[in-house]
Amino acid sequence: MKTTITTLLCCFILSIVSFAQNKTETFKVYGNCNMCKGNIEGALKKKDGIISKKWDVDKKELTVTYDPNKITVKQIGQKVADAGYDNQYAIATDAKYNGLMKCCQYDRPKKDK
Ligand SMILES: [Cu+2]
């Protein structure tokens with residue numbers, strides 16, 4: 001009986017801990033259209049610790065839920081930048097930006113140079 005209670009308690013605590021592991025952040029990601037949405041969301045993969053992702057085409061904001069043991073929000077920003085999209089945490093290279101479809105070449109935020 002005691003073992004059962006202990007086991008249940010352990011399961012309970014473990015489920016709380018694993019639930020608390022995931023973090024959700026919303027941050028600015030520049031882009032234009034639904035194709036950008038596909039590119040931005042496509043850059044974020046489950047295997048990297050991404051639980052869910054949604055880029056809002058009107059607000060130009062990405063809401064991402066991730067496992068902080070696997071990835072940081074800065075790394076997420078870098079992945080998005082690697083796909084060609086400037087964001088709050090990282091800036092895309094000119095080559096990546098120029099590689100986007102014409103319709104996707106959003107107005108870039110001012111760069112300090
Ligand atoms: Cu686009």
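The discussion below sets computed values for this predicted model against the criteria behind the terms.

Trainee: What makes up the secondary structure of the chain, and in what order do the elements run?

Mentor: The chain has four helices and three strands. From the N terminus on, their order is α-β-α-β-β-α-α.

Trainee: How do you know that the chain is more spread out than a compact globule?

Mentor: The radius of gyration is 18 Å, whereas the globule rule gives 13 Å for 113 residues; the value is well over the rule, so the chain is more spread out than a compact globule. Along the principal axes, the C-alpha atoms fill a box of roughly 65 × 30 × 20 Å. Of the 113 residues, 22% count as buried.

Trainee: Why is Lys60 called partly exposed?

Mentor: The term covers residues between the cut-offs of 12 or fewer for exposed and 20 or more for buried. With 17 other C-beta atoms within 10 Å, Lys60 falls between them and is therefore partly exposed. Lys60 is located in the loop between strand 2 and strand 3. Its phi is near 55°, a positive value in a residue other than glycine. Most residues other than glycine have a negative phi.

Trainee: What joins strand 1 to strand 3?

Mentor: Six bridges join these antiparallel strands, and as at least two are needed, strand 1 and strand 3 also count as paired. Here Lys23 stands opposite Tyr66 in strand 3.

Trainee: What makes strand 1 and strand 2 the edges of the sheet?

Mentor: The three strands form an open, antiparallel sheet in the order 1-3-2. Strand 1 (23–28) and strand 2 each have a single partner strand, so one side of each is left without a neighbour in the sheet. On average, neighbouring strands are turned by 15° against each other, direction ignored.

Trainee: Which residues have the most contacts inside the largest nonpolar core, and which elements give two or more residues to that core?

Mentor: The core has 17 residues, and those with the most contacts inside it are Val29, Ile40, Leu62, Val80 and Tyr85. Helix 2 (34–42), strand 3 (61–66) and helix 3 (73–82) each give two or more residues. Beyond its neighbours within four places in sequence, Leu62 is in contact with residues including Val29, Ile40 and Val80.

Trainee: Which residues of helix 3 are buried, and what covers them?

Mentor: Ile76, Gly77, Lys79, Val80 and Ala81 are buried in helix 3. Their cover includes helix 2 and strand 3. Just after helix 3, Gly84 has a positive phi of about 110°.

Methods:
Residues numbered from 1 in each chain as written. Predicted model: local features only at pLDDT ≥ 70, side-chain atom pairs only at ≥ 80, totals over all residues. Core = buried A, V, L, I, M, F, W, Y, C linked by C-beta atoms within 7 Å. Contact = placed C-beta atoms within 7 Å. Axes fitted to C-alpha atoms, helices over the stretch in contact; angles between N-to-C directions. Rg over C-alpha atoms; globule rule 2.2 N^0.38 Å.
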